[in-house]
Amino acid sequence: MSNLQTKLGGSINKIQDSLQQGKQKFQTVQEMGQYKKEIQDISAARSSLILKLGEEAYQKIRTGELSDSKLHGYVVDIANLDSQIYQAQKALEELNQKSATKTCTNCGATIDHDDKFCGYCGQKQETATDMKGQAELVSCPTCEEQIPANGSFCPCCGSRLVL
């Protein structure tokens, strides 16, 4: 009987040791997870600061406050991407305007965007193309986008226009 108790006691001790080791491994894994999360959070904060730094440097290079030949190539590439984004936004806006409705300038009735006259009161409607034809356009000195001459900033690149 005592032999059986010795074997059972030894087995229980092994189980307790295994449980203790498992507990320690679990705690280690938890600590590792906490450190990984901390590293991830700190890295995200760092990336955010680098992005802000990059935006500031980009603006300073575009305005001439900062000059660096290495960074100039990046600025040119970013300016090209800005122009592509602006062109896509303009195309999207034009598509939205084509499918949208507007209100009559005289009576306020809802009419199609392309209507030249109001179907309710007969008032002639001024179209966006009529208004565009009236505005004098100039090229932005930074990105060369055609913009209204009376603007203060380029809607494509954000550069201040010299008046």
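Is Glu65 buried or exposed, judged by its relative accessible area? Select Glu65 to begin: with a relative accessible area of 59%, Glu65 is exposed, on a scale where buried means under 20% relative accessible area, exposed over 50%, and partly exposed in between (1.4 Å probe, protein chains only).

Before going further, note that this is a predicted model, in which local features need pLDDT of at least 70 and side-chain atom pairs count only at pLDDT 80 or more, while totals for chains, interfaces and linings use all residues. Residues are numbered from 1 along each chain as its sequence is written, and side-chain values use heavy atoms, with hydrogens and water left out.

**Colour by confidence**

Colour the chain by pLDDT, the predictor's confidence in each residue, from 0 to 100; the chain has a mean of 83, and 92% of its residues reach 70 or more. Confidence is highest in helix α1 (residues 2-63), at a mean of 90, and lowest in α3, at 50; helices here are DSSP runs (H or I, at least four residues), as are strands (E, at least two), and they are numbered from the N terminus.

**Salt bridges**

Side chains of opposite charge can pair when their charged atoms come close. A salt bridge is taken as a side-chain nitrogen of Lys or Arg within 4 Å of a carboxyl oxygen of Asp or Glu, and by this rule the count comes to 4.

Next, select Lys37 and Asp41, which both lie in helix α1, 4 residues apart, or about one turn of the helix. Their salt bridge brings the closest N and O atoms to 3.2 Å, and Lys37 counts as partly exposed at 48% relative accessibility, as does Asp41 at 40%.

Then select Glu145 and Lys90, whose closest N and O atoms are 3.1 Å apart in another salt bridge. Because Glu145 lies in the loop between β3 (137-139) and β4 (146-148) and Lys90 in helix α2, this pair ties together parts that are 55 residues apart in sequence. Glu145 is buried, with a relative accessible area of 9%, whereas Lys90 counts as partly exposed at 28%.

**Along helix α2**

Stay with helix α2 and select Asn80, which is found there and counts as partly exposed at 44% relative accessibility.

Together with Leu66, Leu71 and Ile78, Tyr74 forms a nonpolar patch on the surface, with about 350 Å² of accessible area in all. Such patches are made of residues with over 30% relative accessible area and no salt bridge, nonpolar side chains (Val, Leu, Ile, Met, Phe, Trp, Tyr) being joined within 5 Å and like charges within 9 Å; the accessible areas come from the Shrake-Rupley method with a 1.4 Å probe, and for residues only the protein chains shown count as cover.

**A buried loop residue**

Finish at Gln125, found in the loop between β2 (110-112) and α3 (128-134) and buried, with a relative accessible area of 2%. A polar atom of the Gln125 side chain lies 3.1 Å from the backbone oxygen of Gln123. Leaving aside neighbours within four places in sequence, Gln125 is in contact (heavy atoms within 4.5 Å) with residues including Lys102, Cys104, Ile111, Asp115, Phe117 and Cys118.

Key. A polar contact is a pair of N or O atoms within 3.5 Å; within protein, one must be able to donate a hydrogen and the other to accept it, and residues adjacent in sequence count only if both atoms are side-chain atoms.
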